[in-house]
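Here are my notes for your review. Please read them with the model open.

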Amino acid sequence: MDLVLQLLFTGIGIGAVYALVALGFVLIFRATNVVNFAQGEFSMVAAYLMVVCAVDLELPYWLSFIIALAGMAVIGAIFNLGVYYPLRHRTYLPVIIATIGASILMANGVLALYGPQPQVLPGWFETPGIQLGPVYLDSQYLLIIVVTIALVIFNYWFFEHTMIGKKLQATSQDKEMASLLGISVSTMIMVTFIYSAVLGGLAGLLVAPILFVSIQMGSTIALKAFAATIIGGFGDVTGAIIGGLALGIIETFGAAYISVPYKDGFAFLVLVLFLVFRPQGIFGERVAEKA
Amino acid sequence: MTLTRRGFTAGLAAGLTAPYIIGSARAQGGGTIKIGMCAPITGPAAEAGKYATGGAKLAVEAINKAGGILGKQIELIIEDDQTTNPGIVLAFSKLAANPEIVGFLGSIRSTQVHAMAPDVMKLGKPVMFGGTDPNLTKLGNPWLFRFRPNDSYSGRVIAEYGVKNLDKKKWAVLHSTDAFGTAGGKALTEALGPLGATVALDQGYANQSQDFTPVVLAIKQSGADILGSYFTFENDLGIFARQLRQLGVNIPWVGSPSIVNVTALKLAGPALYGTYGVADYAEDSSEASKAFGKAYRDAYKVAPDNQSSWPYDAINVLATAIKNAGSTDPQKIREAILTVKKYPGAEGEYNFDKNGDGLHGYNIVKNEKGNIVFDKHIEFDN
């Protein structure tokens, strides 16, 4: 039982990380109908910004955190203007290829600027974790879980109860109709990219103290997050969260009880099963409507 | 004196030919002995490349200061291998096109040495390298010479130290599932049997795992009293080390060289305190290692590592071989390298065997609060 609880905690913690990145995927997909393959690199770039501020320049942790997220907002805006906007009237394919190109550019740009050595980023808390009975709770994982819950609530409020959230929803559902109603579609898409980049960055900042800061940190998480979005139902915010958590738990238990080397395999096995038997995902009616 | 037409012609001819005559005289008499080196100047290992070229240059400068070899100075010609296989093949072909180069330094990466091996065979000149895949000296390629102990020794050293020095018989073996980790884990498991130790857990993991909780819990449940590991990437090692300590596992741990590398120490911090590692270069392991460490620090203001020690040894052994052979003929140099015995290098004592392996043992070092301290050297006869 102790074992199960420990595995469950870790599974939820790592699942929450996938969920955060998956959220960024979903928001951009809903707004633009394309998958942003540079979403993982947003996490990586934010983590490096944080290392520069908090470790190299020795700024206070909270200030570095804000600077890194603000930096991601700028990068999100540049990303929209440079990658999505010029191709917005084309089919989804050139845009997807452009996002892949942008991810390669970001990874190698950081490599050129910062070098290949992984970096250490201290966590938010002095105490690494607490022992709760038989279960060890890593404080950074606890933080990640709390932030994920907070974000679910925030997203609900933002999309359902604010004007800008409703405008974003309208844009994602029908761009022509939205623009007829006087909503500036390109502004809404800009907001989406900025928000997704900040979300991706937030995931990167939260996970960096656990996984260290490296060039490939983004791509490994993004691949799982992508699987999580499909399992949850592409385009569904709740689905992304549930999909991420499910994936984290499945792979942790799969590794513990079946095979460690095939840990990544379980995640993708579940993905394949979903693609075969329920391609719209757990919550995904919307995909069929958009396809 | 009037300038006659004949005199003018003779003077012109002498003037035109003089540089060639003088040049060819220099090539036969003075001049330099050229050594080519492929090193990662760009690409992911560019940082390591600085250490490699630094070590080689240090050896060249010392030899030249002492008068060179065969009355000539050594000249080092470096080409960028871009840290890739195509890169090193290109770099080597550039160097090989220069007929004056008598010997070469290859790579510390086994895969790159595999990539350049066919061209080395075609050229037929000696190439020193640092890759540790045991197969590299079994390719039937007589021109490859290894300046680090190969991986078949690391498994035996980990097993021997754990069983004989730490007196632990119930092992958990943890290794990456890539080529390096699988071979290492197998070597360690095979070495444990004859020593009377048992393997309670033989656990592979995939590179770039984000979480090691299941692995740590498996180690805990296996009841192993010692851990032996082969980690390929430092970030995996760092995540695992932290989770191992967090979940309260404090059994002795002897790891492959990555456990004592600078990046791993930085990432894992206190989680690696008290662990043991095998290391081919350990500064306090011998007088020659200490001397190299001091010379390197004086020259570059940083501590050297195995990236710089093997090229240093390679240049020195190659120079010694050329001196002993009294010639730059490739076949004679080859024979002279193979007769090198008891040569005190920075990495250890070189005794070349017929395959071209120079070293046959490893150092065991201990992490004492982040400082890597030499513990003992374990050498094998075969």
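1. Which residues have the most contacts inside the largest nonpolar core? They are B:Ile219, B:Leu227, B:Phe240 and B:Trp253, in a core of 127 residues. A nonpolar core here is a set of buried Ala, Val, Leu, Ile, Met, Phe, Trp, Tyr and Cys residues joined through side-chain atoms within 4.5 Å. Buried means under 20% relative accessible area, exposed over 50%, and partly exposed in between (1.4 Å probe, protein chains only). Helix α1 of chain A (residues 2–32) gives the most to this core, with 17 residues. A second, separate core has 41 residues, including B:Phe147 and B:Leu359.

2. A word on the basis. This is a predicted model: local features need pLDDT of at least 70, side-chain atom pairs count only at pLDDT 80 or more, and totals for chains, interfaces and linings use all residues. Residues are numbered from 1 along each chain as its sequence is written, chains are lettered from A and ligands numbered from 1 in the order written, and side-chain values use heavy atoms, without hydrogens or water.

3. Chain B has 12 helices and 14 strands. Helices (H or I, at least four residues) and strands (E, at least two) are DSSP runs, numbered from the N terminus. Of its 382 residues, 54% count as buried.

4. Look at B:Glu347, in the loop between β11 (343–344) and β12 (349–350) of chain B. B:Glu347 is buried yet has no salt bridge. A salt bridge needs a side-chain nitrogen of Lys or Arg within 4 Å of a carboxyl oxygen of Asp or Glu. The nearest side chain of opposite charge (Lys and Arg count as positive, Asp and Glu as negative; His and the chain ends are not counted) is B:Arg148, 4.6 Å away.

5. What does B:Arg148 pair with in a salt bridge? Its partner is B:Asp280, at 2.5 Å, N to O. B:Asp280 sits in the loop between β10 (276–279) and α10 (287–300) of chain B, and B:Arg148 in the loop between β5 (144–146) and α5 (151–165), so the pair ties together parts 132 residues apart in sequence. Both residues are buried.

6. Compare B:Lys34 and B:Glu75, a salt bridge with its closest N and O atoms 3.6 Å apart. B:Lys34 lies in strand β1 and B:Glu75 in strand β2 of chain B, 41 residues apart. B:Lys34 counts as buried because its relative accessibility is 12%. B:Glu75, at 32%, counts as partly exposed.
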